[in-house]
Amino acid sequence: MIKGCQKKIIHITNTGSPYFEEAYLILRRGGDFSDDGGVSEMDIVQEAVKIAEGSSAALSPRRERKRRRRNRAFWGGISVCSFLFGLVMLICSLVR
């Protein structure tokens with residue numbers, strides 16, 4: 001049994017992320033907030049919300065890269081097919 005151990009935890013319920021429903025952030029020792037010119041409780045909460053929002057934003061560029069890659073492949077395939085179609089039509093018109 002541990003006596004005298006206390007951790008300060010920030011619990012965020014509405015993260016606004018499609019990936020995370022809740023977030024728990026544990027403050028470091030010495031990371032206490034105070035009203036005497038140090039860091040306020042509101043600053044700590046704002047930083048926690050910023051971290052929660054930033055973690056979901058870090059995941060979205062991956063999805064964006066996949067979408068761009070798919071679009072490039074699609075339009076590249078269309079270009080190759082139309083080039084080959086034009087080449088075949090040119091050859092057919094020259095043969096006649």
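Predicted model: local features only at pLDDT ≥ 70, side-chain atom pairs only at ≥ 80, totals over all residues.
Helices (H or I, at least four residues) and strands (E, at least two) are DSSP runs, numbered from the N terminus.

Residues are numbered from 1 along each chain as its sequence is written, and side-chain values use heavy atoms, with hydrogens and water left out.

**Whole chain**

The accessible surface comes to about 8,600 Å², computed by the Shrake-Rupley method with a 1.4 Å probe, and for residues only the protein chains shown count as cover. Carbon and sulfur atoms hold 58% of that surface. Of the 96 residues, 10% count as buried; buried means under 20% relative accessible area, exposed over 50%, and partly exposed in between (1.4 Å probe, protein chains only). Among contacts (heavy atoms within 4.5 Å) with a separation of 6 or more, 33% are between residues 24 or more positions apart.

**Lys50 and Glu47**

Select helix H1, residues 41–57, and show the side chains of Lys50 and Glu47. They meet in a salt bridge, 3.7 Å from N to O. The term requires a side-chain nitrogen of Lys or Arg within 4 Å of a carboxyl oxygen of Asp or Glu, and the structure holds one such bridge. Why are Lys50 and Glu47 separated by about one helical turn? Because they are three residues apart in H1. Lys50 is exposed, at 53% relative accessible area, whereas Glu47 is partly exposed, at 39%. Side chains of opposite charge can pair when their charged atoms come close.

**The largest pocket**

Next, select Leu25, Ile26, Leu27, Ile44 and Ile51, which lie nearest the centre of the largest pocket among its 10 lining residues. Strand S2 (23–26) and H1 are the elements that give two or more residues to this lining, and H1 gives the most, with four. On a 1 Å grid over the protein atoms alone, a pocket is an open set of points where a 1.4 Å probe fits, with protein on both sides within 12 Å along at least five of seven lines; lining residues have an atom within 4 Å of a point. The volume of the largest pocket is about 160 Å³, taken as the space filled by probe spheres set on the points, which are joined across faces, edges and corners. The lining divides into seven nonpolar, one polar and two charged residues.

**Two residues of the lining**

Select Ile26, in strand S2. Ile26 is exposed, at 58% relative accessible area. Beyond its neighbours within four places in sequence, Ile26 contacts Lys7, Lys8 and Ile9. Ile9 is 17 residues away from Ile26 in sequence and 4.5 Å away in space, C-alpha to C-alpha.

Finish at Ile44, in helix H1. Is Ile44 buried or exposed? Its relative accessibility is 16%, so Ile44 counts as buried. From the C-alpha of Ile44 to that of Leu27, 17 residues apart along the chain, the distance is 9.1 Å.

How values were computed:
Nonpolar A, V, L, I, M, F, W, Y, C, P; charged D, E, K, R; others polar.
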